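Subject: Structure handed over, with notes

Hello,

The structure is placed just below, and my notes on it follow. Please read them with the model open.

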Amino acid sequence: MAKMIHSMIRVLDERRSVDFYRQAIGLSVAERVDFDSFTLLYLSNPDTGFELELTVNKGRTEPYGLGDGYGHLAVSVDDIEGEHKRFVSLGFAVGKIVDFQHNGEPLARFFFVTDPDGYKIEVIQRGGRYL
């Protein structure tokens with residue numbers, strides 16, 4: 001069986017992106033692989049084996065166009081209200097907490113935060129299928 005191991009996004013500013021992901025969701029650089037024209041940064045935390053790969057293309061000065069195909073990354077947290085307040089206090093671009101229902105039953109509580117390159121990250125209250 002295949003095992004999901006990472007998702008890759010292209011970022012413009014390595015330091016700004018690493019700082020955001022460290023502050024927002026506790027990811028740190030597990031490995032940095034430098035090439036002549038680009039750098040790969042693998043971010044992770046001890047709670048999961050899944051990694052976020054940041055690709056930094058050297059010499060790029062223009063922000064990436066995200067197009068209409070990108071959806072979002074998702075992380076789960078124990079305290080949605082506490083994380084929402086923390087993200088707001090850090091000055092991140094944060095949406096409101098949404099209570100999402102399906103057929104009149106609670107499905108998820110979440111909010112979205114936008115990273116420095118415009119990527120959306122869904123922050124979901126842990127529970128049910130969202131562990």
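Along the sequence the order of elements is β-α-β-β-β-β-α-β-β-β-β, which makes two helices and nine strands in the chain. Helices (H or I, at least four residues) and strands (E, at least two) are DSSP runs, numbered from the N terminus. This is a predicted model, in which local features need pLDDT of at least 70 and side-chain atom pairs count only at pLDDT 80 or more, while totals for chains, interfaces and linings use all residues. Residues are numbered from 1 along each chain as its sequence is written, and side-chain values use heavy atoms, with hydrogens and water left out.

Overall, the C-alpha atoms fill a box of roughly 55 × 40 × 30 Å along the principal axes. Of the 131 residues, 31% count as buried (under 20% relative accessible area; exposed is over 50%, partly exposed in between; 1.4 Å probe, protein chains only). Among contacts (heavy atoms within 4.5 Å) between residues at least 6 apart in sequence, 49% join residues at least 24 apart.

The core

The largest nonpolar core has 22 residues. Such a core is a set of buried Ala, Val, Leu, Ile, Met, Phe, Trp, Tyr and Cys residues joined through side-chain atoms within 4.5 Å. Tyr 21, Leu 52 and Leu 54 have the most contacts inside this core. At least two core residues come from each of H1, E3, E4, E5, helix H2 (80–89), strand E8 (105–114) and E9; H1 gives the most, with four. Beyond its neighbours within four places in sequence, Tyr 21 touches residues including Ile 9, Leu 43, Leu 52, Leu 54, Leu 73 and Ile 121.

Helix H2

The buried residues of H2 are Ile 80, Glu 83, His 84 and Phe 87. They line one face of the helix, because seen down the axis of H2 they fall within an arc of 105° (the arc of the directions from the helix axis to the C-beta atoms). Lys 85 and Ser 89 are exposed on the face turned away from that buried side. Among the elements that cover the buried residues are H1, E5, strand E6 (93–94), E8 and E9. Gly 91 follows H2 and has a positive phi, near 80°.

The largest pocket

The largest pocket holds about 650 Å³ of space. On a 1 Å grid over the protein atoms alone, a pocket is an open set of points where a 1.4 Å probe fits, with protein on both sides within 12 Å along at least five of seven lines; lining residues have an atom within 4 Å of a point. Its volume is the space filled by probe spheres set on the points, which are joined across faces, edges and corners. The lining has 23 residues, and Asn 45, Thr 48, Ala 74, Val 75 and Ser 76 lie nearest the centre. E5 supplies the largest share of the lining, five residues.

Two loop residues

Tyr 64, in the loop between E4 and E5, counts as buried at 15% relative accessibility. Leaving aside neighbours within four places in sequence, Tyr 64 is in contact with Arg 10, Val 11, Leu 12 and Asn 57. Asn 103 lies in the loop between strand E7 (98–102) and E8 and is exposed, with a relative accessible area of 70%. Asn 103 is not a glycine, yet its phi is positive, about 55°.

Regards
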